[in-house]
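Please keep the viewer open while you read.

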Amino acid sequence: MSLKFYYDLMSQPSRAVYIFLKANKIPFEDKPVALRKGEHLTEEYKKLNPFQKVPFIDDNGFILNESVAILKYLSHKFDIGDNWYPKSDLKRQAKVDEYMNWQHINTRLNAAMIFQHLLLLPRITGKPVQEKQMARFKKGLIESVGHIDKYFLGSQPFLCGDKLSVADLLGACELMQLHAVHEESFYTDNPVVKAWIERVRNRLAPHFDDAHKIIFRTRDIYPTLKAKL
């Protein structure tokens with residue numbers, strides 16, 4: 001099998017690529033990397049990937065990092081539905097690109113930082129949650145969810161129109177990270193965004209829930225996590 005996929009399902013972008021591969025029945029060699037054990041920091045891993053991050057793919061010697069680049073590459077290489085990353089409609093493709101570029105310092109930054117500040121950083125540093133920083137990311141996430149509602153979705157079923165795309169996959173995986181720290185109300189309180197997440201989840205069943213088992217498990221392990229803001 002020529003395509004090797006290195007990932008950790010605790011990583012939101014890793015889950016997006018994993019679900020994409022599974023949903024499109026693209027064969028790959030499983031290469032899980034346990035970030036919690038520091039497997040990405042070893043010299044052996046560094047030889048494979050100098051960035052020491054996940055996800056990345058090795059397609060018969062062709063190394064590619066970054067989930068957005070990976071999803072676009074796979075969409076072009078394999079014979080899959082044009083809905084994922086439209087090649088026949090320039091404007092629809094541009095809308096998918098628009099969300100993927102926007103999300104880095106909006107949905108991704110704010111949801112990831114809330115997760116890290118509530119769960120990871122207190123356990124790494126031994127210090128309490130930094131409430132001022134949390135307030136900043138909370139405000140940013142509220143704004144991001146509002147833009148997803150009013151600008152990207154509007155009256156559409158999906159972020160970039162009437163069809164599921166890689167933009168939906170990336171966006172949904174980022175917001176689902178909030179479940180691990182009991183902060184999903186940031187989007188479930190918005191009926192439009194909540195309905196969109198459920199639409200994506202149902203459309204990608206059973207792969208979506210399978211990829212998020214580690215998130216649901218983390219939520220059960222830490223039942224009392226909650227931001228005090």
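Which residues are linked with Glu198 in a network of salt bridges? Arg201 and Asp209 are linked with Glu198 in that network. Before going further, a word on the ground rules: this is a predicted model, in which local features need pLDDT of at least 70, side-chain atom pairs count only at pLDDT 80 or more, and totals for chains, interfaces and linings use all residues. Residues are numbered from 1 along each chain as its sequence is written, and side-chain values use heavy atoms, with hydrogens and water left out.

## Salt bridges

Side chains of opposite charge can pair when their charged atoms come close. A salt bridge here is a side-chain nitrogen of Lys or Arg within 4 Å of a carboxyl oxygen of Asp or Glu. By this rule the model has 10 salt bridges. Three of them are set out below.

| Pair | N to O distance |
|---|---|
| Lys77 and Asp59 | 2.5 Å |
| Lys95 and Glu98 | 2.7 Å |
| Arg201 and Glu198 | 3.6 Å |

Helices (H or I, at least four residues) and strands (E, at least two) are DSSP runs, numbered from the N terminus. For accessibility, buried means under 20% relative accessible area, exposed means over 50%, and partly exposed is in between, with a 1.4 Å probe and protein chains only.

The salt bridge between Asp59 and Lys77 joins strand E3 to helix H3 (residues 67-77), so it ties together parts that are 18 residues apart in sequence. Asp59 has 5% relative accessibility and therefore counts as buried, while Lys77 is partly exposed at 42%.

The other two pairs in the table each sit within one helix. Lys95 and Glu98 are 3 residues apart in helix H4 (residues 90-102), which puts about one helical turn between them. Lys95 is partly exposed with a relative accessible area of 35%, and Glu98 is partly exposed with 27%. In helix H9, Arg201 and Glu198 are also 3 residues apart, about one turn of the helix. Arg201 counts as partly exposed at 22% relative accessibility, and Glu198 is partly exposed at 33%.

## Strand E3 and its partners

Two strands pair if DSSP finds at least two bridges between them. Strand E1 (residues 3-7) runs antiparallel to E3, and 4 bridges join them; Lys4 stands opposite Asp58 in E3. On E3 and E4, the pairing is again antiparallel, over 4 bridges, with Ile57 opposite Leu64 in E4.

Are the faces of E3 covered or uncovered? Both are covered: Phe56 and Asp58 on one side, and Ile57 and Asp59 on the other, are all buried.

E3 and E4 form a hairpin with 2 residues between them. Asn60 counts as exposed, at 66% relative accessibility.

## Backbone features to check

Most residues other than glycine have a negative phi, and most peptide bonds are trans. Lys25 lies in the loop between helix H1 (12-23) and strand E2 (29-32) and counts as exposed at 74% relative accessibility.

The bond from Val54 to Pro55 is cis, with omega near 0°, and Pro55 is in the loop between helix H2 (43-48) and strand E3 (56-59). Ala205 and Pro206 are joined by a cis peptide bond as well, with omega about 0°. Pro206 is in the loop between helix H9 (191-203) and helix H10 (207-211).

Helix H6 (residues 131-153) has 23 residues and should span 33 Å at 1.5 Å a residue; its end C-alpha atoms are 31 Å apart, which agrees. The expected span is 1.5 Å times one less than the number of residues. H6 has a kink of about 30° centred on His147, where the bend at a residue is the angle between axes fitted to the seven residues ending there and the seven starting there. Buried residues in H6 include Met134, Phe137, Leu141, Val145 and Ile148.

In helix H5 (residues 107-125) we find Leu120, which is partly exposed at 35% relative accessibility.
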